[in-house]
Amino acid sequence: MKMKVLKQAGLPAPLMDALQARYEVVEYNTLPERDFRSMADEFQLLLTNGEAVVTGELIASLPNLALIAVFGVGYDGVDVQAAKAHQVMVTHTPDVLTEDVADLAIGLMLATCRQIPGAQAFIQQGKWMQESYPWTKKVSGAALGIVGLGRIGLAVAKRAQAFDMTISYCNRSPVKEVAHRYQPDLVALAKECDFLLVCAPGIADNRHLINREVMDALGSEGILINVGRGSLVDEQALIMALDAGTLGGAGLDVFSDEPEVPPALYDRPNVVLTPHMASATWTTRQAMSQLVLDNVEAFFNGEPLLTPVPECN
Ligand code: DGY
């Protein structure tokens, strides 16, 4: 008989196939409460993804839970303190997705600043027959401010250097052995840069880090790029700034209430939207899937976990 494991959020089909070949994967979200209660003590493993919420209450209701395996680098939805309090380890999938997220961040910078989707719409609407597309702003040589200089921020900085950008960053503390300029004041960073790239973790302390004051400082020529989490940006303030023209534009892969995206963000030439797809390439999603499997196997074989989250290290 296969061992039961609990799955609480969407996972890619190839990962599900591999898991189902080894385990009986039980869907938490469709499991009747009575069935859940009767089998709760059978689960040692909870599988989830980077966007899902794993509450302390759920963790406490699984008496033999020992591992939460997150498909994603972000694990802000998991109550890690509750997990630790119940001696539950948490793993995630760092590193393997860094390059893809950095690639998409650069793509959003180019697409937003040069208005690539707006220019395509202009052709499709037959407007080129009457006029030329309005001039846009230059990307090469611009000033980039990075909010959260972790793995992804560093990978974006590496790419931005090829565009001769000047790079500054805001973090809780300076990052060792990094030549980019440290600016501890987020509003000052926003004032100094043309692009503000947000890739900080979506922890509760960072909620609405990018608020009206930061957007005002970025200004009517400045462009906000978010590949972190929707919760990092005050979306209502963003819409107001775009309406008022006090912010130059925004390239967004993440949103406050995904997959709901406020229609007020649609159909603006200076706004580019993508559906939280920064790490969604075949190569990377396969690598993320393999890392989840490797962590799960290491756990059931009693071996060290490959990528525990820093709090569990
Ligand atoms: C991540 O890995 O955290 C991505 O945002 C997908 O959830």
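Predicted model: local features only at pLDDT ≥ 70, side-chain atom pairs only at ≥ 80, totals over all residues.
Me: Ok, which residues are around the ligand?
Reply: They are G50, E51, G72, V73, G74, L97, R229 and H276.

Me: Which atom of E51 lies 2.3 Å from a ligand oxygen?
Reply: A polar side-chain atom of E51 does. For V73, a backbone N or O atom lies 2.7 Å from an oxygen atom of the ligand, and a polar backbone atom of G74 is 2.8 Å from a ligand oxygen. A polar contact is a pair of N or O atoms within 3.5 Å.

Me: How much of the ligand's accessible area does the protein cover?
Reply: The protein covers 91% of the 230 Å² that the ligand has on its own. Accessible areas come from the Shrake-Rupley method with a 1.4 Å probe.

Me: New topic. What is the order of the 5 strands in the open sheet?
Reply: The order is β2-β1-β3-β4-β5, with parallel pairing. The edge strands are β2 (23-27) and β5 (89-91), and each pairs on one side only. Strands are DSSP runs of E with at least two residues, and helices are runs of H or I with at least four. Two strands pair if DSSP finds at least two bridges between them.

Me: How many bridges join β4 to β5?
Reply: Strand β4 (residues 67-71) is joined to β5 by 3 bridges. I68 stands opposite V90 in β5.

Me: And what is the order in the open sheet of 7 strands?
Reply: That order is β8-β7-β6-β9-β10-β11-β12, again with parallel pairing. β8 (181-182) and β12 stand at the edges with a single partner strand each, so one side of each has no neighbour in the sheet. Inside this sheet, β6 (residues 143-147) and β9 (residues 195-198) run parallel and are joined by 4 bridges, and G145 stands opposite L196 in β9.

Me: Where is the cis peptide bond?
Reply: The cis bond joins E258 and P259, with omega about 0°. P259 is in the loop between β11 (249-252) and β12 (271-273).

Me: What about phi of Q115?
Reply: Phi of Q115 is near 55°, a positive value in a residue other than glycine. Q115 lies in the loop between α5 (98-113) and α6 (116-124).

Me: Last one: what does UniProt place at residues 106-278?
Reply: The unreviewed entry gives "domain: D-isomer specific 2-hydroxyacid dehydrogenase NAD-binding" there. Such annotations may be inferred rather than shown by experiment. The span is 30% helix and 16% strand, and its end C-alpha atoms lie 11 Å apart.

Definitions and conventions
Residues numbered from 1 in each chain as written. Heavy atoms only, no water. Near = heavy atom within 4 Å. Polar contact = N/O pair within 3.5 Å; in protein donor to acceptor, adjacent residues only side chain to side chain.
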